[in-house]
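Here's a quick briefing to read alongside your sequence and structure. Keep the viewer open and click along as you go.

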Amino acid sequence: MNGAQGDLYYCNGAVVAVKAPGMNFYVAMKDLGTMNWSSANSSCQNYSFCGNLKGSLPSRDQLVTMYNNKSSLNNLLSTSGGTNLSNGYYWSSTYDLDGTYCRVDMSAGGSYWFDYDDYDYFYVRPVLASY
């Protein structure tokens, strides 16, 4: 079985992503680790949920939605074989014209603009648009 079945997304019969009720995107089962923004963006674009179905680095709004649904997401992740969202900063794809990128704090929900720097490492978790 491949594809969306309610709050779970399957690939070859295994759950590869989840979404909380009311969310319009799926969240990968685990973080890709911590990395700088450039690596985070590249890793998410190259992340395969199933075959040619690629992920993306979440936007600021998607990360805020993840934070607002963190309890439900973590419950779905843990009961489906995934890992909970970390209590730290996650990179987003949202940037400002002055070259700053937004990160979201999963322990408090705030979003902060941060200069792109190869030495700043934050958590990364790909997302998948609903299908």
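What follows is a short tour, from the whole chain down to single residues.

This is a predicted model, so treat it that way while you browse. The protein has three helices and twelve strands. Much of the tour is about how a handful of those strands pair up, including β3 with β4 and β8 with β9.

**The whole chain**

- A compact globule of 131 residues would have a radius of gyration near 14 Å, and the protein agrees with that because its own value is 14 Å.
- The C-alpha trace spans about 45 × 30 × 20 Å along the principal axes.
- As for burial, 46% of the 131 residues count as buried.
- If you take the contacts between residues at least 6 apart in sequence, 56% of them join residues at least 24 apart.

- Start with β2 (8–11), which is joined to β3 by four bridges, with the two strands running antiparallel.
- In that pairing, Y9 stands opposite A17 of β3.
- β2 and β3 make a hairpin with two residues between the strands.
- Next, β3 (residues 14–18) runs antiparallel to β4 (residues 25–28), and two bridges join them.
- A17 turns up again here, this time opposite A28 in β4.
- V18 has a partner in β4 as well: its bridge is to V27.
- The β3 and β4 hairpin has six residues between its strands, and G22 there takes a positive phi near 90 degrees.
- β4 also pairs with β12 (residues 127–129), in the antiparallel sense and over three bridges.
- In that pairing you'll find F25 opposite A129 of β12.
- One thing to keep in mind while you look at strands: in a regular strand, side chains alternate between the two faces of the sheet.

- N12 is in the loop between β2 and β3.
- What kind of phi does N12 have, positive or negative? N12 has a positive phi of about 55 degrees, although N12 is not a glycine.
- N12 counts as exposed because its relative accessible area is 65%, above the 50% cut-off.

- β8 (89–95) and β9 (residues 100–105) run antiparallel, with four bridges joining them.
- Y89 stands opposite D105 in β9.
- The two strands form a hairpin with four residues between them, and G99 in the turn has a positive phi of about 90 degrees.
- G88 is found in the loop between α3 and β8.
- Is G88 buried or exposed? G88 counts as buried because its relative accessibility is 11%, which is under the 20% cut-off.
- Setting aside neighbours within four places in sequence, G88 is in contact with V104, D105, M106, S107 and Y123.
- One of those, D105, is 17 residues from G88 in sequence, with a C-alpha to C-alpha distance of 5.4 Å.

- Not counting residues up to four places away in sequence, N74 touches N84 and L85.
- For N75, a handy distance to check is the one to A20: the two are 55 residues apart in sequence and 9.3 Å apart in space, C-alpha to C-alpha.

Notes: Residues numbered from 1 in each chain as written. Predicted model: local features only at pLDDT ≥ 70, side-chain atom pairs only at ≥ 80, totals over all residues. Heavy atoms only, no water. Rg over C-alpha atoms; globule rule 2.2 N^0.38 Å. Buried < 20%, exposed > 50% of the residue type's maximum accessible area, 1.4 Å probe, protein only. Contact = heavy atoms within 4.5 Å. Pairing = 2+ DSSP bridges.
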